[in-house]
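Colleague: I am new to this structure and would like to learn how to read it. Could you walk me through a few features?

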Amino acid sequence: MKESKFVQLVFEDARASMNEDPGVLAPSDAAIDEYQFYRQGVGFHLAHALTWLDQLSFAVELLTNYDYSKKISASRADHLIYNIENYLVRVNAAYDRALQLVNSVFHLCVHEEHVTHGVIVTNTKVQHRPTVVAKLKALRKILDAYSQDRHTIIHKHSLLDAKMRRIELFYQDAILDAMPAEKRANLKAFRATYLREFVVAKKQEFSNFNAKLALAVQDLFDVLAVEYTFQKAQFKARGF
């Protein structure tokens with residue numbers, strides 16, 4: 001996605017609008033015109049959308065990135081559950097990043113706190129680009145696969161996945177300590193295999209979902225490029 005026409009165009013324009021030396025931050029009260037504000041705003045929200053997608057890839061990697069050599073209180077099961085729930089919460093927020101980007105590209109100037117699906121897709125300017133509305137809805141439909149899990153984790157309780165909770169039991173010290181040495185050793189061997197198989201399957205599931213999500217985002221970028229080019233032409237027609 002970072003090599004797409006839309007991404008390259010937006011970042012090139014954002015850099016050109018800053019008029020600053022590389023690595024030098026302009027003061028927060030620096031005067032900029034509306035065209036600079038537009039280009040920098042689109043660049044800002046695009047950068048945050050791409051970073052969010054990168055973090056979803058990192059989340060998959062972190063499922064198995066557990067270092068037993070470090071002294072931490074979290075068990076392998078704690079680490080796994082945290083990262084799975086973290087992914088499920090974060091993945092649905094990708095749609096929020098997409099809505100913020102659309103708000104910026106169309107120069108709707110809706111305050112970030114009020115950007116929602118309903119506000120954006122019913123906006124007259126956006127509705128004049130039915131392909132954008134269609135791509136947004138397609139993206140949202142994909143994310144619906146995990147929306148209920150996210151809602152449960154945030155508003156109710158931890159994810160009640162039977163296999164994941166079984167792993168959690170395997171790592172309860174109180175249970176292990178009460179077992180004879182031989183039985184404890186057998187359980188540790190069994191849980192290692194059980195955990196490995198679960199994590200491999202979950203990583204594959206999330207990796208496949210990330211790939212599907214990336215294609216939908218790329219489709220959205222392709223149609224946003226049309227509106228972005230149009231908006232720039234409008235600014236130039238106004239003398240910017």
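Colleague: Where is Ala49 placed?

Modeller: This is a predicted model, and in it Ala49 sits in helix H2, which spans residues 34-61.

Colleague: Is Ala49 buried or exposed, and why?

Modeller: Buried means under 20% relative accessible area. Ala49 has a relative accessibility of 9%, so Ala49 counts as buried.

Colleague: Now a pair of helices, please. How do I describe the way H3 and H7 pack?

Modeller: Two packed helices are described by the angle between their axes and the distance between the axes. For H3 and H7 the angle is about 155 degrees, and the axes lie 9 Å apart. An angle over 145 degrees counts as roughly antiparallel, and H3 and H7 are therefore roughly antiparallel to each other.

Colleague: Which residues meet there?

Modeller: From H3 come Ala77, Leu80, Ile81, Ile84 and Glu85; from H7 come Met164, Arg165, Ile167 and Glu168. Sorted by class, this contact has six nonpolar and three charged residues, and no polar ones.

Colleague: Which residues of H7 are buried?

Modeller: Along H7 (residues 162-170), the buried ones are Met164, Arg165, Ile167 and Phe170. The buried residues of H7 pack against H3 (76-105), helix H8 (173-177) and helix H9 (181-237).

Colleague: What caps the N-terminal end of H7?

Modeller: Asp161 does, with a side-chain oxygen 3.1 Å from the backbone nitrogen of Lys163.

Colleague: How many residues are in the largest nonpolar core?

Modeller: That core has 67 residues, and Phe6, Tyr87 and Leu136 have the most contacts inside it. At least two of its residues come from each of H1 (5-18), H2, H3, H4 (117-121), H6 (130-155), H7 and H9. H9 gives the largest share, 17 residues.

Colleague: What does Leu136 touch?

Modeller: Setting aside residues up to four places away in sequence, Leu136 touches Tyr95, Ala98, Leu99, Val102, Ile120, Val121 and Leu220.

Terms used. Residues numbered from 1 in each chain as written. Predicted model: local features only at pLDDT ≥ 70, side-chain atom pairs only at ≥ 80, totals over all residues. Heavy atoms only, no water. Helix = DSSP H or I, 4+ residues; strand = E, 2+ residues; numbered from the N terminus. Buried < 20%, exposed > 50% of the residue type's maximum accessible area, 1.4 Å probe, protein only. Contact = heavy atoms within 4.5 Å. Polar contact = N/O pair within 3.5 Å; in protein donor to acceptor, adjacent residues only side chain to side chain. Core = buried A, V, L, I, M, F, W, Y, C linked by side-chain atoms within 4.5 Å. Axes fitted to C-alpha atoms, helices over the stretch in contact; angles between N-to-C directions. Parallel < 35°, antiparallel > 145°, perpendicular 65-115°, else oblique. Nonpolar A, V, L, I, M, F, W, Y, C, P; charged D, E, K, R; others polar.
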